[in-house]
Amino acid sequence: MRIPFKNSFLSWMMKKRIHQIELFLKYPFQVQDELLLNLIDRAKNTEFGKKHSFSSIKSYEEFNKNVAVKTYEEFYPYIKKIRNGGKNILWPEKIKWFAKSAGTTNAKSKYIPITQQALEECHYKAGKDMLSIYCNNNPETTFFDGMGLMLGGSQYQNPAKEYMDGDLSAILIDNFPFWVNMHRTPDLATALLPKWEEKLEKIVQQAVNEDVSSLTGAPSWMLILLNKILEKTGADNILEVWPNLELYMHGGMNFSPYKEQFKKIIPSPKMNYMECYTASEGYFGIQDQANTNELLLMLDYGIFYEFIAMEDFKKGSRKTIRLDQVKLNTTYALVITTNAGLWRYLIGDTICFTNLSPFRIKIIGRTKSFINAFGEELVVENAENALRHACRKTKTTIKEFTVAPLYINQNKSGAHQWLIEFEKKPKDLDIFTKEIDDFLQTINSDYQAKRTNDLILKMPKIEMLKSGTFYKWLGDKEKLGGQNKVPRLSNNREIVEEILKMN
């Protein structure tokens, strides 16, 4: 039996949480300072805590002095100890799960520890907050009367170990509280299937018979699922299958390249899109206002934030500042200390603040995800904004893309090679290419300087890929489904060459 939204316990719980959010909006610095000292006190008897004299730390200044900022590679020896059976290493709680994530330089995957406290006070709290904020902004919503379709990854028991490895989404789904499962599809066994194609088929079989009112999952994979739904049902759009669909919650990748495709297959002005900033390491931000890509920085999830100005970071500095020192429109590398035992951890993301009261942010990109083969400093945000501009100007839509340098060869200028899989191809590829180039020169002075007279960089080279090429590449890498995604920018040609061979 489904519980009517307006009279449910869920409604009361959501309203209660709004008052708690208002507390950290009013006292952001006090909330963060208290949180840090609580984390330190909780972990003072761990191996890491003893080594760094946590029991004597009474202020941020002492914490800053005792604990160095670390990358995953520098942090890994501690994680390795835990995975080899070590107890009380980073956090006093037993580690039952490791979220598997890409992005490390010395291995195929990162393994991020997930504690019970992080599940409850960060990830699940964030999920409830998304619903609380949505309900607060949309008081007439009825989406709790329907089912939420959640598209996640997979997990597996590590052989001879007492913990699970897997996509964060799978870990969350497997441990959801009862009230979430009452409103969720597909069933748990299907949601956790390791084989993407089998999972996709079973989700379609179950979902077409449900009254789905909300969607959650990565945009690229969700589009594949929705198109499978249309294929199976013969419907012209998703609203013919799920007339009460009203909300799509997404995160983990930029939504801009996909938005027009969603609007096409969900043709309703009442459809709402809600973004979050989530990673294996934690949940950081939620879109709390409609019609903006700003995200409210969530300050009471057991995560203490520090920031390194990218100007300093590029020079090798790891000098951090706290929340009370940040400035608007300055790009920062994000440093986090968490209730999963990550201490001054350099996550690899870059953000900028768009508002300081309350603190709202935009995700800029990655500290490592950029192209600087010729001194052009092209970051992900530049590329995605240029692509969105070109699509709008030429009335085209894309499915996926990736970019890599074509290196200078025999005194010939270099270029950027864009591999693009189009949903709707441009009538004139040269015009599409010029729109990208002109836009990049407008927003990136380093790129513009390198493009002057084609001296170092020539016009971008665009390769139109066959439909399904990126999907096949991900399949060959065993990265279908879950949180896996196509890398947007690379400073080398390894990924591009692999995809071109397939095309």
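Helix 17 and helix 18 are roughly perpendicular to each other, a label for angles of 65 to 115 degrees. This is a predicted model, where local features need pLDDT of at least 70, side-chain atom pairs count only at pLDDT 80 or more, and totals for chains, interfaces and linings use all residues. Residues are numbered from 1 along each chain as its sequence is written, and side-chain values use heavy atoms, with hydrogens and water left out.

Back to the pair. The axes of helix 17 (residues 469–476) and helix 18 (residues 494–502) come within 10 Å and cross at roughly 115 degrees. From helix 17, Thr469, Phe470, Lys472, Trp473 and Asp476 make the contact, and from helix 18, Ile495, Glu498, Ile499 and Met502; contact means heavy atoms within 4.5 Å. Those residues divide into five nonpolar, one polar and three charged.

Next, the cores. A nonpolar core is a set of buried Ala, Val, Leu, Ile, Met, Phe, Trp, Tyr and Cys residues joined through side-chain atoms within 4.5 Å, with buried meaning under 20% relative accessible area (1.4 Å probe, protein chains only). The largest one has 87 residues, and Phe353 is among those touching the most other members, as are Trp343 and Leu90. Helix 6 (residues 116–137) supplies the largest share of this core, nine residues. A second, separate core of 43 residues includes Trp221, Ile238, Leu245 and Leu465.

Last, strand 14 (residues 345–356), where Thr350 sits. Thr350 counts as buried because its relative accessibility is 3%. Leaving out residues up to four places away in sequence, Thr350 touches residues including Met310, Tyr332, Ile364 and Arg366. On that basis, the contacts of Phe353 include Leu297, Phe307, Tyr332 and Phe359.

Terms used:
Axes fitted to C-alpha atoms, helices over the stretch in contact; angles between N-to-C directions. Helix = DSSP H or I, 4+ residues; strand = E, 2+ residues; numbered from the N terminus. Parallel < 35°, antiparallel > 145°, perpendicular 65-115°, else oblique. Nonpolar A, V, L, I, M, F, W, Y, C, P; charged D, E, K, R; others polar. Buried < 20%, exposed > 50% of the residue type's maximum accessible area, 1.4 Å probe, protein only.
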